[in-house]
Structure formats: C-alpha cells, structure tokens
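Take a first look at the protein below. Then follow the chain with the text beside you, one region at a time.

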Amino acid sequence: MTIQLRTQDLSKRYEERVLFHIPHLQIGPSNAIYLKGQNGVGKTTLLKILAGLTTPSTGTINGIEISTFYRLFSRKLFKDVVYLHQSPYMFDASLLDNIRYALPFSSKRGVHGRSQAINALRMVGLESLADEHCSVLSGGEKQRLAMARAWIVNPSILLMDEPSASLDLESTQGIITLAKDLLDRGASIVITSHQQNGLTNLCDTQWTIENQGLTVTPHLRVIDEDTKNLKSITNNKLGNDT
C-alpha cells in the first residue's frame, strides 16, 4: 500500500526562533525528493515531523492536527513511514536479529524469516556478518544495516537523513539498489545530503529550506555522453516563495 502525506501551515519554532513555516506540502505516491538547505535550517526537524517523531508548532498532516498526544498514542497516520536516522539505533543483538526485529511477529521465527533477513543483509554486503554482534560494525556498516532493516518492512515513505555520510562509493551502491527497489514498488523517498551522489541522482524533485520557507523545484538529471553516468542539474536561483 502506498500513502500520501499532505501538510497545511506546517511550522516549527523554538521560543523566538522560527525554523520554518510551510503553507502546504505533499509527499507520495512515488516521489523521489532531494531535501537541501544550510546547516541549522530544519531539514532533520522537518523529516522527524513527517515521521511523527517531533511535534510541529502549528499545522496539520492529512487534515489532522499533530499534537504530542497524537504522536505518542495514535500513530496510524505514520505506520507506513520510516525515518532513517543519520546515526541509526542498533538493538543489542546480532545483525540478523536486528533485521528480524523489523519483521511482523509471525515472520520473525522460522526459515522464511531468516531467509528474508539474510537477503536484506546480502543486498547491502553484510551477509557474511549475519551472526556477529552489531557492536563490531563501523559507522558506515551500521548505516547499511539500518537501510536493510528499513527496506525489509516495505515502507510507503522512507525519510533518509544523510544516509551516505559515512559510506564509500561501493557501500553507497547497496543503499541505492534498495532505494530504487522501493521506488519501483511505488514508495516515496526523501533524502537529505550535503553532496550530490548516486542517491540524490534518483530524485526528480528538489526541496530547499531557506529564509524560513521551502521552495520546490525540479531536480533534473541528464546523461553525460562520455561517461554515461547520471548527473544532477539544479536551478541556480530559487525563489523565496513557499
């Protein structure tokens, strides 16, 4: 199942400091969005609001006013939304169990659950470490494990906060493969990144937070005839309107 999130008058402020005010916004179905902005403008905060992890100062999502009570006790709106943190949380367990914890209870045990988890680890190049404790992983390996765990639950919307920050090119390719697979299945993704890379090249829309607002522009991709590699082109000048 794919879902849409539609926001109205979404804002976040901390005492007198206003991070952003966004009159309207929509995600899904099948969107690939590159979220940009300088440090401190609220990119991570916006993703957490859309995942139901942070309460906005004002605004609604799908017509519902998102209070702290709603976030904590009535999460139906966000049940198909997954937020991938730039420093992902790991359970005190093996890589295999970290993946299996994300599966429905009926699928966690047995051969099928194990094969699903092994396949997810294989997709990000961690199959050989399946039975190792997660404490042996580097920061980049933890990001790959977290992506495999997010992929296996088949979210409608995946919010990725600096997913390739600690990864080399080879490791990033595994995450790109899983992100492409989710897009092919009709999911939407939003990616924050300080540099353009293979993940941002998946995106066809760019959101930029600036001047306490958000600008939406196309994120165009062209093929370099010499290298046959996708490269991104973004507008040099963005409006201040939201």
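A search of the whole structure finds zero disulfides. A disulfide here is a pair of cysteine sulfur atoms within 2.5 Å. In general, a disulfide is a covalent bond between the sulfur atoms of two cysteines. Where do C134 and C203 stand, buried or exposed? C134 is buried, with a relative accessible area of 5%. C203 is buried too, with a relative accessible area of 0%. Buried means under 20% relative accessible area, exposed means over 50%, and partly exposed lies in between (1.4 Å probe, protein chains only).

A word on the source. This is a predicted model, in which local features need pLDDT of at least 70 and side-chain atom pairs count only at pLDDT 80 or more, while totals for chains, interfaces and linings use all residues. Residues are numbered from 1 along each chain as its sequence is written, and side-chain values use heavy atoms, with hydrogens and water left out.

Now the overall picture. The protein has seven helices and twelve strands. Both are DSSP runs, numbered from the N terminus: helices are H or I with at least four residues, strands are E with at least two. Of the 242 residues in the protein, 50% are buried. The accessible surface comes to about 12,300 Å², and 49% of it belongs to carbon and sulfur atoms. Such areas come from the Shrake-Rupley method with a 1.4 Å probe; for residues, only the protein chains shown count as cover. Take the contacts with a separation of 6 or more: residues 24 or more positions apart account for 64% of them. Contact means heavy atoms within 4.5 Å.

Start with the sheet of four strands. It is open, its order is β2-β1-β4-β5, and the pairing is antiparallel. Its edge strands are β2 (17–27) and β5 (64–65), and each pairs on one side only. Two strands pair if DSSP finds at least two bridges between them. Strands of a sheet pair through backbone hydrogen bonds, either parallel or antiparallel.

How many bridges join β1 and β2? They pair in the antiparallel sense over nine bridges. K12 stands opposite F20 in β2. The two strands form a hairpin with two residues between them, and E15 in the turn has a positive phi of about 55°. On to β4. Strand β1 (residues 5–14) pairs with strand β4 (residues 58–61) in the antiparallel sense over three bridges. S11 stands opposite T58 in β4, and T7 has I61 as its bridge partner there.

Helix α1 (residues 43–50) lies across β1, β2 and β4, running at about 130° to β1. Axes are lines fitted to C-alpha atoms, for helices over the stretch in contact, and angles run from 0 to 180 degrees between N-to-C directions. α1 is mostly covered, with six of its eight residues buried. These are K43, T45, L46, L47, I49 and L50. Just after α1, G52 takes a positive phi of about 80°.

Next comes the sheet of six strands. This open sheet has the order β6-β7-β8-β3-β9-β10, with mixed pairing. β6 (81–84) and β10 (213–218) stand at the edges, each with a single partner strand, so one side of each is left without a neighbour in the sheet. The twist averages 20° from one strand to the next. Strand β9 (residues 205–210) pairs with β10 in the antiparallel sense over six bridges. W207 stands opposite V216 in β10. Helix α6 lies across β6 and β7, running at about 180° to β6.

Finally, look at the backbone. Most residues other than glycine have a negative phi, and most peptide bonds are trans. The peptide bond from G28 to P29 is cis, with omega near -5°. P29 lies in the loop between β2 and β3 (32–36).

N154 has a positive phi of about 55° although it is not a glycine. This residue lies in the loop between α6 (139–152) and β7 (157–161). At 35% relative accessibility, N154 counts as partly exposed. E162 also has a positive phi, of about 50°, although it is not a glycine. Its place is in the loop between β7 and α7 (169–184). E162 is buried, with a relative accessible area of 7%.
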